[in-house]
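I opened my notebook to go through one structure, entry by entry. Each entry says what I looked up and what I found.

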Amino acid sequence: MPDPLLTLQGVHTHIGHYHILQGVDFEVPRGSFTVLLGRNGAGKTTTLRTIMGLWKASRGNIRFAGEDVTSRATPDIAASGIAYVPENMSVFSGLTVQENLILAARTGKIDAVRLEWIFSLFPALQRFFGLAAGTLSGGQKQMLAIARALIEPRDLILVDEPTKGLAPAIVGNMIRAFREVKNAGATVLLVEQNFMAARMLGDAVVVMDDGRIVHRGAMAELAADSALQQRLLGLHMEAHQ
Amino acid sequence: MFGRVLSGDYPRSPILTGALLLILFVLAFAPFLFTGAQPLNVAAKICVFILLVASYDLLLGYTGIVSFAHTMFFGIGGYGAAIALSRLGPSWAALALGIVAAIAVAGTLALLIGLFSLRVRAIFFAMITLAVATAFLVLASQLSGFTGGEDGLNYTVPELLRPSFRLFAEPIFGTIVNGRIVTYYIVFFIALAGFLLLLRVVNSPFGSVLQAIRENEFRAEALGYPVVVYRSFASVVSAVMAALAGILLALWLRYTGPDTTLSFAIMIDVLLMVVIGGMGTLYGAVIGATLMTIAESYLPAIMGSLGKVGAGIPFLSTLLSADRWLLWLGILFILSVYFFPTGIVGKLRAHWQNKRHGTAQRQDSSTPGDSGNTRPSN
């Protein structure tokens, strides 16, 4: 098994009076595509936000590339090489597509080759490069949010429910794009509710429930075991074929 | 060339372009277009307020920071020049010292307030700035030996800027170019340069980060931008520009007092100018400052004339009395907010964009949203 790029050990997160994460332990191996699954309210988004330092872990520790990042500020965590794509098509709507991308480039300049690659993944972004991101459709906004994370090579990409609310045709487009990202060797931690998408992309899977990890293993095992899917996720595979 | 001067930020509306060019033309040639002191006073005040309002829009419109301490920085500029000129005499060295001191004090104070207070929620930051501004106003009123107290400070400006000074022996276009006109052009060009500099700031990568922070500070942090540092730096730039506007007003009026620089009435005026012109666009500062200053300067006289017309009619004469000009200004404000919720500039730009969009759609149906649509809600 490759060495872990990201390790969470006994991570607890409180938001106000609520104890959301209750001892989360898992690893993201370098170069792997790990999918974090779980029902609504299981703590998946909180896990990503805690990794990014947007919510501080009240206990436990988070190590990234061998360094403890638990108490670091969010900009420092981002600068250390983690890109984060929040849920809900999170673009800066008052800025143009180009400005959104430049904002994500730490050097302030976009690499032309990288941009061409992004345009090949999401052609719509090339067509609307100079337009305000707020005028894009939901799917295009989601493409832009992901493109922002890809504009520079990052060690780890955290993606929160990229297919949420998108039409099936766009979900297919999104999966193809993530496959290319995976083939390019990126390490990705993806939160996803769409099991079909998760199954097509994931090497490893982590399942959460009530702020705890209830399963971790290879995605191929979970995909092949419908009883396990039923127990962990309440899924009938027939419904997802 | 034009694009570089405007930092690529065009007005994006023919009506707005026309209005801005008209304002620029009138302000540039005001000493030669009008006679009498009042029009030139109004023009100088418009120049000062364009810079002041634009600097406030950098905070409110571009960064999403609500501050009530902006007139404090305006006052620091005014008092910096006033104290230096009144204490050290009417020399350029004294003025330069006053300018440097005022800008240094304004910048440092803005940085301190920003670093200590911008971590808190917006409403608390607004309250902190209100408290600091009130304390500064009280301090300026109480330290009468230093600031002149409620009476303020009268001082003499360097000879070149005095009304008695003649730049040319012969009149130019029938106007004697005296020190007053020289002062006006100093105010005009510094305000113009300050405005263009702010335009550069908001259209730079730094400006994009500020807009990103305004939209969603967590997302901006997640991209690696330390929000407090960026907000504090925006506060410093804004405060320095406000202080510069205060220095210009001090040079123009040759008087600085709490009522001309520090009062909350000015803060409210600045807020109204930003809202009427349009938040998040510096051209809104130009439109808002021009309309409000003209309305405040001429509405009482217009109301007085209308009052005389309706003198025989009891209710109408009261309503149109010169003393009621603030009521009409309030009504104009309510109407402008109702009809132009995004400000005049926002409305004009949206109107032009819709018009162009309509034309483009007829020519080419390829518009954003035609691919990658979200699933329709059930």
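**Entry 1: a histidine and its contacts**

I looked up the contacts of A:His215, where contact means heavy atoms within 4.5 Å. Leaving aside neighbours within four places in sequence, A:His215 is in contact with A:Val205, A:Val206, A:Val207, A:Leu228 and A:Leu232. I noted the ground rules next: this is a predicted model, local features need pLDDT of at least 70, side-chain atom pairs count only at pLDDT 80 or more, and totals for chains, interfaces and linings use all residues. Residues are numbered from 1 along each chain as its sequence is written, chains are lettered from A and ligands numbered from 1 in the order in which they are written, and side-chain values use heavy atoms, with hydrogens and water left out.

Which strand holds A:His215? I found A:His215 in β10 of chain A, residues 212-218. Helices (H or I, at least four residues) and strands (E, at least two) are DSSP runs, numbered from the N terminus.

Is A:His215 buried or exposed? A:His215 counts as buried because its relative accessibility is 14%. The cut-offs are under 20% relative accessible area for buried and over 50% for exposed, with partly exposed in between (1.4 Å probe, protein chains only).

I also checked A:His215 against A:Phe26. They are 189 residues apart in sequence, but 9.7 Å apart in space, C-alpha to C-alpha.

**Entry 2: a sheet in chain A**

I followed an open sheet of four strands in chain A. Its order is β2-β1-β4-β5, with antiparallel pairing. Two strands pair if DSSP finds at least two bridges between them. Strands of a sheet pair through backbone hydrogen bonds, either parallel or antiparallel.

Which strands are at the edges? They are β2 (18-29) and β5 (67-68) of chain A, and each pairs on one side only.

I then went pair by pair.

- β1 (residues 4-15) and β2 of chain A are antiparallel, over nine bridges. A:Val11 has A:Val24 as its bridge partner in β2(A).
- β1(A) and β4(A) run antiparallel and are joined by six bridges. A:Gln9 has A:Asn61 as its bridge partner in β4(A).
- β4(A) and β5(A) are antiparallel, over two bridges. A:Arg63 has A:Asp68 as its bridge partner in β5(A).

The hairpin of β4(A) and β5(A) has two residues between the strands. There A:Ala65 takes a positive phi near 50°.

Most residues other than glycine have a negative phi.

B:Ser7 is not a glycine, yet its phi is positive, about 55°. I placed B:Ser7 in the loop between α1 (2-5) and α2 (14-33) of chain B. B:Ser7 is buried, because its relative accessibility is 14%.

B:Arg12 is not a glycine either, and has a positive phi of about 60°. B:Arg12 is in the loop between α1 and α2 of chain B. B:Arg12 is partly exposed, with a relative accessible area of 48%.

**Entry 3: cavities**

How many cavities of 30 Å³ or more does the structure hold? I found three. On a 1 Å grid over the protein atoms alone, a cavity is a set of points where a 1.4 Å probe fits but cannot get out; lining residues have an atom within 4 Å of a point. Grid points are joined across faces, edges and corners, and a volume is the space filled by probe spheres set on the points.

The largest cavity has about 90 Å³ of space. It has 13 lining residues, and the closest to its centre are B:Leu59, B:Ser67, B:Phe73, B:Phe125 and B:Ser235. In chain B, α4 (70-88), α5 (92-117), α6 (122-142) and α11 (227-253) each give two or more residues to this lining.

The second largest cavity has a volume of about 50 Å³. Its lining includes A:Tyr84, A:Arg148, B:Ala222 and B:Leu223. β6(A) gives the most to this lining, with three residues.

**Entry 4: a serine in a helix**

Last, I looked up B:Ser232, in helix α11 of chain B. B:Ser232 counts as buried, because its relative accessibility is 1%. Not counting residues up to four places away in sequence, B:Ser232 touches B:Leu111, B:Gly114, B:Leu115 and B:Leu118.

Methods
On a 1 Å grid over the protein atoms alone, a cavity is a set of points where a 1.4 Å probe fits but cannot get out, and a pocket is an open set with protein on both sides within 12 Å along at least five of seven lines; lining residues have an atom within 4 Å of a point.
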